[in-house]
Amino acid sequence: MQQKLKMVVTGNDQKEKQKFDIVLSTLLFLYCVALPFEEALASSFGSVLRFLGVLIIGYSVCIYCRYRIRIYTLRFLIPFALWMLLALISVLWSEDISWWIYFVQIYLFQFIFVVFVIAYNQRVNIKFLENGLIIGSILASSILIFFPQVSQLTRDGRRTVVVFGQNLDPNIVACIIMLGLFACLRRIFEYKTKGILSKVLIIYLVIGMLFTGSRGALISFVVGLAVLVFLEMRDRGSRARVLLLIIIVAITAIVAIYYIPEELLMSRFSSENLLGINEYTDGAHNRYTIWFHSLKLFVDSPVIGYGCGNFFSAIEKVYRECASHNMYVLVAVEEGLIGLCTFGIGFLCIFRGLYKRRLYTMFAMFTSICVMAMTLDTITYKYFWVSLMLVLIAMNSSEHQKERDKKLG
């Protein structure tokens with residue numbers, strides 16, 4: 001009798017856990033859908049994403065307190081935790097405390113968000129998150145492609161999404177579409193779906209990404225795609241899918257040349273403009289000039305930097321107040337070699353973990369994010385933390401699958 005009662009209670013607990021899974025996964029799904037439109041979905045009380053983030057953190061805490069969860073991938077966050085600690089104590093040598101407060105709040109909230117999701121990540125349905133990214137990317141791409149009346153060209157020829165009167169940053173939108181693209185690629189290479197939908201979506205989302213005019217996103221995606229092809233070609237069972245991917249890329253290139261406005265192609269993706277060399281030779285304000293002046297700052301304070309968030313005030317001493325347009329330059333100037341090394345170790349650990357588990361699509365996606373970080377202050381944006389969360393959940397799911405296979409064996 002007691003044994004039967006115990007079985008009933010265990011069954012009820014499993015059902016309750018499943019209920020928590022659905023709620024948490026749905027909240028994360030909505031978070032990913034809204035990701036491209038964060039700037040437009042903001043009010044005096046904060047953005048919708050911040051509200052969802054608070055809900056997700058609170059819900060994850062409740063779940064973790066009720067069920068003791070075994071965590072595999074939290075150790076991959078240790079280097080990032082050390083970097084976060086350095087950012088916090090850098091208040092001691094930061095010259096501009098207002099900038100320190102502003103950016104520490106951003107980093108700390110996103111780090112806590114990732115930690116609490118990962119604490120329960122083996123119960124999160126990662127396909128929910130990926131579907132959310134795909135849907136959000138489709139919505140953003142559709143606005144760019146089919147509704148030019150709610151999008152507009154910037155001075156430098158980029159097309160930006162306009163929602164509720166707010167102009168969304170084309171680079172950020174392009175990066176989020178890129179995450180949706182790799183979610184579609186994962187369906188082909190890791191989930192091994194045979195339907196045509198994922199293939200069509202890849203073409204559609206690439207066109208949408210190109211419509212943003214983001215040169216960095218195009219370069220990053222091509223590098224990530226090349227890494228994916230190289231890794232998958234080593235597996236004979238994946239070579240047919242690699243060939244299919246090459247065909248899809250060829251079709252996409254043809255459609256892009258035909259469909260994307262010529263002025264956008266010439267102003268953003270010509271050989272002269274793609275790497276921004278023309279901006280440098282013209283002597284205009286550009287990334288190369290910012291990085292050159294940032295090197296002077298790094299030489300003056302190479303170990304601990306100028307403090308979290310203090311890039312703006314530091315660069316003003318040698319050039320003018322501006323963004324770094326490079327995550328590695330940003331970290332090097334603000335946290336010095338110590339911060340840059342802890343960050344780099346974190347990336348190396350993640351790449352090693354993904355490669356070891358043969359999660360090649362995730363490896364390629366994170367490669368693209370790291371390449372994009374060479375032209376954007378990536379760490380300040382939510383898409384970076386979402387990509388970090390995705391790769392950690394994927395690694396954890398792989399560990400659980402290995403354990404299940406061992407038990408069945």
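Which residues line the largest cavity? They are Glu130, Leu133, Leu179, Phe182, Ala183, Arg186, Met362, Met365 and Leu390. The elements that give two or more residues to this lining are helix 5 (126-146), helix 6 and helix 16 (360-372). Helix 6 gives the most, with four residues. The largest cavity has a volume of about 40 Å³. The structure holds one cavity of 30 Å³ or more. A cavity here is a set of points, on a 1 Å grid over the protein atoms alone, where a 1.4 Å probe fits but cannot get out; lining residues have an atom within 4 Å of a point. The volume is the space filled by probe spheres set on the points.

A word on the source. This is a predicted model, in which local features need pLDDT of at least 70 and side-chain atom pairs count only at pLDDT 80 or more, while totals for chains, interfaces and linings use all residues. Residues are numbered from 1 along each chain as its sequence is written, and side-chain values use heavy atoms, with hydrogens and water left out.

Now take helix 6 itself. Helices are DSSP runs of H or I, at least four residues, numbered from the N terminus. Helix 6 covers residues 170-189. Of the 20 residues, 19 are buried, meaning under 20% relative accessible area; exposed means over 50%, and partly exposed lies in between (1.4 Å probe, protein chains only). At the start of helix 6, a side-chain oxygen of Asp169 comes within 2.9 Å of the backbone nitrogen of Asn171.

Next, the loop between helix 3 (78-89) and helix 4 (97-118), where Ser94 sits. Ser94 counts as buried because its relative accessibility is 9%. A polar atom of its side chain lies 2.7 Å from the backbone oxygen of Ser90.

The whole structure has 25 aromatic pairs, counted for rings of Phe, Tyr and Trp (its six-membered ring) with centres within 6.5 Å; planes under 30 degrees apart are stacked, over 60 edge-to-face, and the rest tilted. The rings of Tyr355 and Phe363 have centres 6.4 Å apart and planes at 65°, so this pair is edge-to-face. Tyr355 is partly exposed at 35% relative accessibility, whereas Phe363 is buried at 16%.

How values were computed
Expected span 1.5 Å × (residues − 1). Polar contact = N/O pair within 3.5 Å; in protein donor to acceptor, adjacent residues only side chain to side chain. 1 Å grid on protein atoms, 1.4 Å probe; cavity = no way out; pocket = protein on both sides within 12 Å on 5 of 7 lines; lining within 4 Å.
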